[in-house]
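Here are a few exercises to work through with the model open beside you. Try each task before you read its solution.

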Amino acid sequence: MRRPFKAAAPVKDGPRANRDIRVPQVQLIDADGNNQGVVSINDALQAAEDAGLDLVEISPNSTPPVTKILDLGKLKYASQKKAAEARKHQKVIEIKEIKMRPNIDTHDYEVKMKAVRRFFEEGDKVKLTLRFRGREMAHMELGMELLNRVREETASIAKVEAEPKLEGRQMMMVLAPR
């Protein structure tokens, strides 16, 4: 006989508070930040209720756990603001691709190099792709020379992350900003 499926109890994020704290005694810090010492959980809950605030577990791994009387809503709001601020300041590194041909003209090459430098200033990685067509496959050294030229020109601002390698009819190299 099969038992009906029971969903697991939802896992709460954040610190345990009020009735979720299931230990007989706690180290209590009151709303003013004064240490009240080790008290029973019922006394701590009563003190929090009298203050009109929540009893929040600050350090659950200590013995006995350290709890503080504070406003749980304000604590959650502050931690959300902190997380949003951290997300706002993080930079996502993208890989920008520059496609060239082995017999690229000088002006076209300069335009591509200008774009490469701009990508490095923005903090992005650059993947250089050289596409060989038809008989160009017979002259792989032209492609290597071109990629080495790019490497030398960007040596001061970038480092080679992936050496030039041939994949089918394409030669690729990845550069990362220093």
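**Exercise 1.** Work out which way α3 passes α4, right-handed or left-handed, and which residues make the contact.

*Solution.* Step one, the handedness: α3 passes α4 in a right-handed crossing, where right-handed has the near helix turned clockwise from the far one by less than a right angle, and left-handed has it anticlockwise. Step two, the contact (heavy atoms within 4.5 Å): α3 brings Y109, M113 and R117, while α4 brings L146, R149, V150 and E153. Step three, sort these by class: four are nonpolar, none polar and three charged. Here Ala, Val, Leu, Ile, Met, Phe, Trp, Tyr, Cys and Pro count as nonpolar, Asp, Glu, Lys and Arg as charged, and the others, Gly among them, as polar.

Before going on, a word on the ground rules: this is a predicted model, with local features needing pLDDT of at least 70 and side-chain atom pairs counting only at pLDDT 80 or more, while totals for chains, interfaces and linings use all residues. Residues are numbered from 1 along each chain as its sequence is written, and side-chain values use heavy atoms, with hydrogens and water left out.

**Exercise 2.** Describe how the axes of α3 and α4 are arranged.

*Solution.* Helix α3 spans residues 106-121 and helix α4 residues 140-153; helices are DSSP runs (H or I, at least four residues), strands likewise (E, at least two), numbered from the N terminus. Their axes come within 12 Å and cross at roughly 45°. Axes are lines fitted to C-alpha atoms, for helices over the stretch in contact, with angles from 0 to 180 degrees between N-to-C directions. The two helices are therefore oblique to each other (under 35 degrees is roughly parallel, over 145 roughly antiparallel, 65 to 115 roughly perpendicular, the rest oblique).

**Exercise 3.** Find the two domains and say how far apart their C-alpha centres lie.

*Solution.* Start with the bounds: domain 1 is 18-72 and domain 2 is 95-177, as given by an automatic or database domain assignment. Their C-alpha centres lie 62 Å apart.

**Exercise 4.** Is the peptide bond from T63 to P64 cis or trans?

*Solution.* Check omega: it is near -10°, and the bond is cis. P64 itself lies in the loop between β3 (54-59) and β4.
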